[in-house]
Amino acid sequence: MFLGLALLLVAGAAAAHGVTGDDQAFLERSSGHQLIVFAYLGAKHMVTGYDHLLFLFGVVFFLYHLRQVGAYVTLFAIGHSVTLLYGVLGNVQVNAYLVDAIIGLSVVYKALDNLGAFKRWFGFQPNTKAAVLIFGFFHGFGLATKLQDFELSRDGLVANILAFNVGVELGQLLALGAILIAMGFWRRSAAFAHQAFAANTVLMTAGFMLIGYQLTGYFVS
């Protein structure tokens, strides 16, 4: 079941940071403060952001306590928020394909981390919290690059982007809640210990597919 879900998510990778045509048209027509609508669009983006969800899934895979989940998700939210706001409001230009390829790499990294690969390969465990924060920066830039493609009105832009970011974080909480509920049922099954290795192998494969998709776009664009 997890294999089918992961492949379905990767099949929609083209829309991982995408904004639909109707939403794009609204964003470009808007001027002044549109806080509720921008917050809604931010939440919608996160809930449908397949690469974000894959990474979050990997992050919480072996976290059993809400305090741990809160700490890691807070670090990811800080990283994501800083670069989203910095990228859009500061007009910091980065290549969207390369950023999204690094986001795919974040999925691969977390899957390998869950599999204990780094400790076996290098003899030590990298700081997982630092990795989540750093990859959070790239996830934020991923969305910023898409918003920079739009002709957004400067009237009310700061407040609207702040509202958009609040929506992104609310959407993250909604998506995370669904993931944790599903994980709770799965962990109580006798098959979880056996399936955990296969699930993270599939997660890693999905990350490599995301990397390949974005690098292909980079070289052919």
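Are W186 and F192 buried or exposed? I looked this up before anything else. W186 is buried, and F192 is buried as well. I took buried as under 20% relative accessible area, exposed as over 50%, and partly exposed as in between, with a 1.4 Å probe and protein chains only.

**Entry: ground rules.** I am working on a predicted model, in which local features need pLDDT of at least 70, side-chain atom pairs count only at pLDDT 80 or more, and totals for chains, interfaces and linings use all residues. I number residues from 1 along each chain as its sequence is written, and side-chain values use heavy atoms, with hydrogens and water left out.

**Entry: overall make-up.** I find 10 helices and 0 strands in the protein. Both are DSSP runs numbered from the N terminus, helices being H or I of at least four residues and strands E of at least two. Along the sequence the pattern reads α-α-α-α-α-α-α-α-α-α. Of the 221 residues, 50% are buried. I then looked at contacts, meaning heavy atoms within 4.5 Å. Among those between residues at least 6 apart in sequence, 86% join residues at least 24 apart.

**Entry: α4 and α8.** I looked up how helix α4 (residues 50-60) sits against helix α8 (residues 128-147). Their axes come within 12 Å and cross at roughly 175°. The axes are lines fitted to C-alpha atoms, for helices over the stretch in contact, and angles run from 0 to 180 degrees between N-to-C directions. The two helices, α4 and α8, are therefore roughly antiparallel; angles under 35 degrees count as roughly parallel, over 145 as roughly antiparallel, 65 to 115 as roughly perpendicular and the rest as oblique. D51, H52, F55 and V59 of α4 make the contact with V132, F135 and H139 of α8. I sorted this contact by class and got 4 nonpolar, 2 polar and 1 charged residues. Here Ala, Val, Leu, Ile, Met, Phe, Trp, Tyr, Cys and Pro are nonpolar, Asp, Glu, Lys and Arg charged, and the others, Gly among them, polar. In α4, 10 of the 11 residues are buried, so this helix is largely enclosed by the rest of the structure. F55 and V59 are among the buried residues of α4.

**Entry: aromatic pairs.** I searched the whole structure and found 15 aromatic pairs. Rings of Phe, Tyr and Trp (its six-membered ring) pair if their centres lie within 6.5 Å; planes under 30 degrees apart are stacked, over 60 edge-to-face and the rest tilted. F118 and F122 are stacked, at 6.4 Å centre to centre with 10° between the planes. Both F118 and F122 lie in helix α7 (residues 117-122), 4 residues apart, about one turn of the helix. F118 counts as buried at 9% relative accessibility, whereas F122 is exposed with a relative accessible area of 52%. W186 and F192 pair edge-to-face, at 5.0 Å centre to centre and 90° between the planes. I also noted one aromatic cluster formed by F55, F76, Y109, F118, W121, F122, F124 and F135.

**Entry: charges over rings.** I required NZ of Lys or CZ of Arg within 6 Å of the ring centre and within 35 degrees of the ring normal. R187 lies over the face of Y64, 4.4 Å from the ring centre. R188 lies over the face of F185, 4.9 Å from the ring centre.

**Entry: A196.** I placed A196 in helix α10 (residues 192-220). A196 counts as buried at 7% relative accessibility. Not counting residues up to four places away in sequence, A196 touches F61 and F62. A196 and L115 are 81 residues apart in sequence and 8.7 Å apart in space, C-alpha to C-alpha.
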